[in-house]
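Please open the structure in the viewer and follow the selections below in order. The tour concerns the places where two chains meet.

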Amino acid sequence: MTSSFLIPAFIFFIGALLLLAVNGKAKQILILAVPVIAFFYIARLSPDATLAIPFLQYDLNFLHVDKLSKVFGYIFCIAAFGSFLFALHIEGKLEHLSALIYVGSALGVVFAGDFFSLYIFWEFMAVASVMLIWSRRTKKALDAGYRYVLVHIVGGLVLLAGILLHVHNTGSLEVGRIQTHDIASWLILIGFMLNAAVPPLSAWLSDAYPEGTATGSVFLSAFTTKTAVYTMIRVFPGWEILIWLGALMTIYGIIYAIMENDSRKILAYSIINQVGFMVCGIGIGTTMAINGAAAHAFAHIIYKGLLWMAAGSVLYMTGKTKCTDLGGLYKTMPLTLICCCIAAASISAFPLTSGFTTKTMILQAATTQHLTIIYFILEAASAGVFLHAGIKFPYFVFFAKDNGLRAADPKPNMQCAMIFFAFLCIAIGIYPEPLYNILPYPVEYHAYTGLHVVRMLQLLLFSGLAFFVFLKLLKRTETITLDTDWVYRKGSRLVVFVVTGIAVGIARLCDFIFIQSLPRLLAAFVKRPIGIFADFYRKTNGEKVCTPASEPELATTIPAGVSVLFAVGFLFVLAFIFTMLFR
Amino acid sequence: MKKEFDWFDKPDNIKKLRIFGYVILVLSVLAEFLVPSHGAQHSWDKIPGFYALFGFVICMVMIIVSKVLGQFWLKKSEDYYDE
């Protein structure tokens with residue numbers, strides 16, 4: 001074992017510290033240099049490197065290196081580089097700072113060797129990333145950010161509960177494959193599923209990501225869900241339920257993306273759809289399927305980042321995101337359009353793009369395992385991807401009805417970032433071998449057979465035909481679409497109603513007792529200590545009660561013995577209290 | 001002022017595109033007869049145009065399902081949560 005003193009996460013954290021000290025050009029160089037340094041550092045990491053820190057009776061291992069963690073390490077650095085390039089022009093430091101901590105924490109999770117350090121970085125990610133949403137500085141973004149961070153804190157607590165139970169049951173902190181189906185593993189799985197946006201725990205994604213800043217959402221699209229995919233690969237490969245949940249995700253994302261009007265919400269739902277393919281692959285769990293899931297995550301981060309860049313460019317230049325407000329932008333944003341189309345082709349898995357060489361591995365794994373129903377669901381989802389992300393998104397944003405917008409292509413750094421990602425999309429599509437070589441298991445798969453290519457083209461082209469045939473049904477409406485966040489957005493009002501109902505009830509009761517009745521009673525008691533009892537005595541004897549004003553205090557008809565009895569009782573109480581106090 | 005690029009706004013060009021699209025569709029089905037089919041792994045792989053039909057039908061189903069879901073249940077006005 002070689003002990004290392006530095007983990008990739010710390011490179012980003014150090015970068016975040018340095019960021020506070022630098023400005024202008026130096027700041028730009030810094031945020032571009034950090035991912036590059038981290039990339040080469042990860043490439044140099046030897047598989048037996050560790051960084052163990054003793055904590056109570058456990059050893060926390062912050063550095064666990066194998067091929068799987070390296071794949072995700074590489075792609076996270078590439079995604080960070082591209083995203084920082086896209087955000088290079090941002091003046092303030094807050095967005096860059098939170099992005100650096102966010103990416104660093106994601107890398108921290110990837111290289112975590114034990115559950116505790118994984119959990120620490122896991123929570124860091126949620127807190128750092130919310131700043132990318134709040135930086136939009138709109139009321140909607142503020143609200144969505146609060147919901148986002150609250151949901152993630154709840155998910156984190158579920159994960160923590162699972163981890164604590166798991167450590168209690170097994171005595172091991174190590175992040176490794178879990179095969180027992182007990183409450184601990186289910187809680188951990190639910191924690192992971194929430195971050196992977198598995199329905200019904202997915203609404204935070206489509207709620208919050210579209211509210212992020214033009215540049216911030218590019219970061220968001222890459223890290224949270226893919227970190228969860230990574231942890232699932234590590235801990236839950238071959239769990240059958242994931243096959244079905246993944247298949248459900250692919251279809252769920254499509255149905256919602258077809259309904260949505262907001263262009264960035266379409267992209268958010270297509271993340272759920274794409275992560276579904278990966279989750280399904282993890283569930284299948286064969287070496288082929290795991291390779292497919294990792295490769296697909298790799299390719300997905302790039303083309304999805306590129307799609308968010310295109311949408312971000314449109315938002316940055318026009319200030320609009322709704323399909324009903326956009327359209328006709330092909331005239332003035334040609335570069336954004338071309339890059340967007342490359343990303344759209346990649347996500348649809350057109351031959352010669354990255355989706356084709358990675359997603360088909362998962363389909364192949366389903367075929368090999370004779371999962372016929374799953375195979376058809378995934379094929380259907382592949383067709384549906386082209387429908388919503390491949391055509392619908394570019395069509396309604398860049399073509400369709402000309403709404404008179406004449407925005408130009410965005411700033412040069414944003415254009416460079418888009419070209420960089422577009423290049424990678426095509427490169428992985430044409431020459432996937434370098435990617436195949438870094439996958440966790442040896443790859444024996446050839447994407448480019450005649451049959452594969454022809455079948456995929458048929459599937460996609462005829463999906464395209466369906467889009468134009470049914471274009472009338474797809475007409476955009478100015479609506480939002482209800483998702484499971486309804487439960488805590490509208491349902492919370494029910495909770496608030498009930499809780500405030502109870503609270504107001506208690507408050508009224510207290511008000512009646514302590515504000516209105518008791519002081520009056522006490523006041524009356526202090527004023528006429530015996531008198532009120534005299535009133536009570538008279539009342540019980542059916543006599544007329546007289547108010548002090550109409551009847552002198554001393555003219556009472558109650559026996560003197562009663563007063564004496566009260567006086568003795570009062571002294572007794574005082575004596576009791578004092579003996580208790582000064583014992 | 002430079003004349004802006006509006007190729008896609010002209011009905012003639014859209015017509016050309018449409019014809020081009022149909023040609024591509026037909027070609028993609030015909031291409032299946034040219035590639036060797038020995039790599040077929042499923043029984044349905046041997047049916048010519050299976051994936052074309054599957055792609056079209058399944059997209060039709062998904063469009064209709066989301067249309068129905070949206071129309072009767074899930075689509076709400078934009079101020080739904082503001083009330």
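Begin by selecting Thr481(A) together with Lys75(B), its bridge partner in β1(B). Both chains here belong to a predicted model, in which local features need pLDDT of at least 70, side-chain atom pairs count only at pLDDT 80 or more, and totals for chains, interfaces and linings use all residues. Residues are numbered from 1 along each chain as its sequence is written, while chains are lettered from A and ligands numbered from 1 in the order in which they are written.

Strands (E, at least two residues) and helices (H or I, at least four) are DSSP runs, numbered from the N terminus, and two strands pair if DSSP finds at least two bridges between them.

Now select helix α15 (residues 372–398) of chain A and α2(B), whose axes come within 9 Å and cross at roughly 70 degrees. The two helices are therefore roughly perpendicular (65 to 115 degrees) to each other. Axes are lines fitted to C-alpha atoms, for helices over the stretch in contact, with angles from 0 to 180 degrees between N-to-C directions.

Show the residues that make this contact (C-beta atoms, placed from the backbone, within 7 Å): Glu379(A), Ala380(A), Ala383(A), Gly384(A) and Leu387(A) on α15(A), and Phe54(B), Gly55(B), Ile58(B), Cys59(B) and Met62(B) on α2(B).

Finally, select the whole interface, where 41 residues of chain B are in contact with 38 residues of chain A. On the chain B side, α2(B) gives the largest share, 16 residues.

Notes
Two residues are in contact if their C-beta atoms, placed from the backbone, lie within 7 Å. Angles under 35 degrees count as roughly parallel, over 145 as roughly antiparallel, 65 to 115 as roughly perpendicular and the rest as oblique.
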